[in-house]
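Here are my notes on this one, as promised. Have the model open while you read.

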Amino acid sequence: MGKYIIWTVALLFCSHINVAQIDKNATRETKALYKNLTTISKDHILFGHQHATEYGHGWTGDADRSDVKSVTGSHPAVIGVDFSGFSGVPADEVAKTAGSLKKNVEDTYNRGGITTVAWHFPNPASGGGFYWKDSVSVAAMALIKPGGSHHEKYKEILKTIADFANSAKGKDGAAVPMIFRPYHEFDGDWFWWGKGYTSKEDFIAVWRFTVSYLRDDLNVHNFIYAFSPDNKFTSEADFLERYPGDEWVDMVGMDNYGDFGRDGKYNLEAGLGKLKIVSDYAKKANKLAAFTETGLETVPNPDWWTEILLKTLKAEKMNLAYVLVWRNDTKSPTHFYAPFPGQVSAPDFVKFYNDPYTFFESDLKDIYK
């Protein structure tokens, strides 16, 4: 209740905030989400978890369940989902995926939570899935841009996404707002859209077409568009090397596992410096900012949540809307990024949850108003 009081006061004093969305026809609920995230990020950060309510450590498909809720009593404020199943498979599988995903995002909205969408996009011009596989994958960004050999196929895929976005409705009849984060970690070489396989010009052309086609041709007005490289930059110039322009991006972010304990290596000073670049640019350009992916697999450090993540997030005056950790696999005993009951970091995660700086779903009130 204390967090809610703090946030309510902040809303009263920040009602004049000037926010700049790239979709001038965004739905009322999407505009409200954008404005409220701007306000919250001045003094708090939302916690997010990928696939939190779809499955978790040792379970899948349970109603109103998440590992985060099992530990804290609340779902994450931000739930990560993925459009990976919207192409590269038979139409009946796409429809099945869309149906289950639709229920998930609608349930999240109806509870008052927030959905963010990653896109592990299967290569539309070759095999190899979304990862780059030598001798299998092709450099497809040049092929799906306007004028490319696979451009019409790309438009069909975007139509599938648009149909989904426009069909997901809350109990109030409103289209569910979503933070859409395509082509993430583009500065690495593990995805087919990575820097080693895509020119700067082609990346920007595809990004701009994606936004304009969804927004202007397919009438998707419930997306907030997020730009998120991996952690390979060390300056604002590096961060913006493939930036499509302020008129094409709502939110700037970063994915960073490497500086936060991956392979037992910590470089928190570097991680903080990069987050500061992201936050500072957002302030300057009047954008939202977020720590779009991070985490420590298996969370073996019992104090990781408060001594590593929280201390870093609070070390500087940064305006970050949310921090999202990766998924908890249903079968793997080691592939998980959030605690579950009995996991060694669970007590520290409860401290992280109780800190006034962090917001979970139970702390959100009228986020779409």
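What share of the 369 residues in the protein is buried? Buried residues make up 59% of them, where buried means under 20% relative accessible area with a 1.4 Å probe, protein chains only.

1. Ground rules. This is a predicted model, in which local features need pLDDT of at least 70, side-chain atom pairs count only at pLDDT 80 or more, and totals for chains, interfaces and linings use all residues. Residues are numbered from 1 along each chain as its sequence is written, and side-chain values use heavy atoms, with hydrogens and water left out.

2. Overall shape. The C-alpha trace spans about 55 × 45 × 45 Å along its principal axes. A compact globule of 369 residues would have a radius of gyration near 21 Å, and the protein's 19 Å agrees with that; the radius is taken over C-alpha atoms, and the rule is 2.2 Å times the number of residues to the power 0.38.

3. Contacts. Take the contacts (heavy atoms within 4.5 Å) between residues at least 6 apart in sequence: 75% of them join residues at least 24 apart.

4. Aromatics. There are 50 aromatic pairs in the structure, counting Phe, Tyr and Trp (its six-membered ring) with ring centres within 6.5 Å; planes under 30 degrees apart are stacked, over 60 edge-to-face, the rest tilted. Phe-47 and Phe-352 sit 5.7 Å apart by ring centres with planes at 80 degrees, so they are edge-to-face. Phe-47 is in strand S1 and Phe-352 in helix H11, 305 residues apart (helices, H or I of at least four residues, and strands, E of at least two, are DSSP runs numbered from the N terminus). Both are buried.

Notes:
Buried means under 20% relative accessible area, exposed over 50%, partly exposed in between (1.4 Å probe, protein chains only).
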